[in-house]
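This report is written for a reader meeting the structure below for the first time. It takes the chains and some of their elements in turn.

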Amino acid sequence: MLRNLAALVRYRGLIQSLVTRELKARYRGSFLGFFWSFINPLLLLLVYSFVFSYVMPVADDSRVKPFALFMFCGILPWTWFSSSLLEASGVLISGGNLIKKVLFPAEILPIVTVLSNMIHFFFGLSILAAFLIWHQRPISLAELALFPLVVLVQLILTAGFALLLSALTVHFRDLRDILSNLLTFWFFATPIIYPYFSFPADSWQGQLLKLNPFTHLAITYQEILFFQGPVGHLKWLLVLGVISIGFFFFSYFVFDRLRDTFAEEV
Amino acid sequence: MSRTAIELTNVSKVYRRYARRRQFATLKSALLSRSLVSDLKADETFPAVRNMTVSVQSGKTLGVIGRNGSGKSTLLKLVAGITKPTTGAVKVNGRISALIELGAGFHPEISGRENVFINGIMLGLTKREIGRRFDEIVEFAELKDFIDAPVKTYSSGMYMRLGFAVAIHVDPEVLLVDEVLAVGDEGFTHKCLDKFADFKRRGKTILLVTHSLGLVERFCDEALWMDGGQKKAIGDPMRVVGAYVLDVGKAEEQQLAAHDAKAHESAVSISPDDPASAALPDHPVETGEAPADMFKATEGRWGSREIEITDVELLDGDGLPGHVFQSGQPMTVQITLRSPLVMDDFVVGIGLFNAEGICCYGTNTSIEQFRAVKIHGDATARFTIESLDMVEGTYKLDVAVHKLDGYPFDYHRLLYTFRVKSRTKDVGIYRPAHQWEFSDAMVFSKDSVIDDAS
């Protein structure tokens, strides 16, 4: 297993070109092409601004104003997470041709999915940054230094889920359908469209939120990018980081065990 | 000096087959019945490759032949490392390039140029290596004008050519080829063969899975015949191919015999007046009436049965019944007839049709000036072809007995099938006896022995 992981490093050239291909192919043939990577999050932001300003205005809480911007800080990483998982769950099946006909380390496929969605996340961040500057939100550089850390933790966590899901979906195709519903539920169970302090920390909802790994990522993003004051959630993030690494290895182990069955099952 | 390039030791590959129940299993039901682990175990196994021990010396070309489903492709995948053997060990020295499915990694939306790079990297080249070979690859694929167009706009031939060009320019020490030579027009196929020959000259090892027996004979140093996942024979290509052809002939013989028996059975089992005969769409054998278009090749049997054809047999030169004949050898059609009454107006006819339903030859006793005098009781007619000068293929036989004016007694349309085998792969519907002669200014070397008399 460790040898296989090391081999992954050898394949970084391939991963790199596959990610590039993924990005190039996505908007090939569309009129605006690559700009969609920027336009999509921008439009998303506009939709949420409209909904939460005019359709169902939220309670007037000065801590989460402007609300659309607050939400955007959570939605961007969530989009990275959820679309990675959704795509990864089908990636081994749609890439079956490669697995069956070419000598090819299969784990590259889910990893490429996660990475190309990460690139999209970065594009979205530039839109977010523009709006943060527009609203003249004060951001401390010390806090910003933590940003790579939270991205790294999310990367490891997402990769872990992607590996596990991609391998299991080969055997249980229905996972894909379950997953999209599960992700919707997961989205609402994460403090993204409501602030985490909506519930007292010792209420049952608050306890439940803590069990959700994405809560800690979302809160950290929000603390770095949106809320004033120190990043109080750092210790939670570190715990999550350790758990994510463990989870990644577990997922990789499962993936490795199932590897030989892929060529026969897809 | 000669080291082993490919070595398989006691390799078996067992595929798992799941019982029906498994197909409807879901994660939920697996979790509920706590059978997640046991469900991943197979209910039934199918050995695709059994106990293969083969070694190929470096620089040699091994041709793998065998019927469909005999495990050839699995063997290739095992050597390529795409699947792992269930038991045994596979050892390959040197870089492998597998031409199993060409262009498997192509992405339809991006250009040929980008696909060449990505495909090359997948096959183990570095970006710089591809850059150096890029022009050569494009040249080889004959896609100079289209290389910047998205691959989805390519024709399937262009797609295959590009895939082939990339795979072959990986410059492997061991090349695995699975029936991919049919990718282009004649010219491209020749170019591929030239490339293979070039590989051979440079001392590369080639493992070639193919149904083209001529290619194996011409091109390979050794041939491996696989049957039912096992090694049936290995060695001199001529010998192995010969044994294989003989075996295939035997199997076809059995198949055709079974087919004839079935067709004949259903034709005989229905009496001519049985109205049920019309209600058997699956067996359009007994039509009772002659079809409106006599030249339309549909199977069937009709006639009044005043004279009945009770048996038709095909005999080879030794008088033994069979269904597979060598081109150039004699064949006899033996027709057994029964006429309960004394009849004096009858014609016995025969028609030979090829697989496309084209009549290759037809004749009858009337055409050939035999005047019928009488038939009574059991009788036989033998129609002997001294030399079966037909090209390879499957043929069907019409046998009929009718009145001079065409009124049918018993008409068997396409009920008998036989196969002609030939070492010469000429084409057409008929082979005239022929010879080639050349003046001194023209020289041929006849490297591949094409000899029907063997």
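Chain A has 12 helices and 0 strands, where helices (H or I, at least four residues) and strands (E, at least two) are DSSP runs numbered from the N terminus. Along the sequence the pattern of chain A reads α-α-α-α-α-α-α-α-α-α-α-α. The model is predicted: local features need pLDDT of at least 70, side-chain atom pairs count only at pLDDT 80 or more, and totals for chains, interfaces and linings use all residues. Residues are numbered from 1 along each chain as its sequence is written, while chains are lettered from A and ligands numbered from 1 in the order in which they are written.

The pLDDT, the predictor's confidence in each residue from 0 to 100, averages 86 in chain A, with 99% of the residues scoring at least 70. The table gives the lowest and the highest mean among the elements of chain A.

| Element of chain A | Residues | Mean pLDDT |
|---|---|---|
| Helix 1 (lowest) | residues 2-10 | pLDDT 76 |
| Helix 8 (highest) | residues 147-171 | pLDDT 94 |

Of the 266 residues of chain A, 38% count as buried. A residue is buried if 20 or more other C-beta atoms lie within 10 Å of its own, exposed if 12 or fewer, and partly exposed in between, with C-beta atoms placed from the backbone. Among the contacts in chain A with a separation of 6 or more, 79% come from residues 24 or more positions apart; a contact requires C-beta atoms, placed from the backbone, within 7 Å.

In chain B, helix 8 (residues 186-201) has 16 residues, which at 1.5 Å a residue should span 22 Å, and its end C-alpha atoms are 22 Å apart, in agreement. The expected span is 1.5 Å times one less than the number of residues. B:Cys192, B:Phe196 and B:Phe199 are buried in this helix. Seen down the axis of helix 8 of chain B, the buried residues fall within an arc of 55°, so they line one face of the helix. Their cover includes helix 7 (156-168), strand 6 (174-178), strand 7 (205-209) and helix 9 (213-219) of chain B. Exposed residues on the other side of helix 8 of chain B include B:Glu186, B:His190 and B:Arg201. Just after this helix, B:Gly203 takes a positive phi of about 75°.

Chain B also holds an open sheet of 3 strands in the order 12-14-17, with antiparallel pairing. Strand 12 (308-315) and strand 17 (375-385) of chain B stand at the edges, each with a single partner strand, so one side of each is left without a neighbour in the sheet. Strand 12 and strand 14 (residues 331-343) of chain B pair over 7 bridges, where pairing requires at least two bridges found by DSSP. B:Val312 stands opposite B:Ile335 in strand 14 of chain B.

Note on methods
Arc of directions from axis to C-beta. Contact = placed C-beta atoms within 7 Å.
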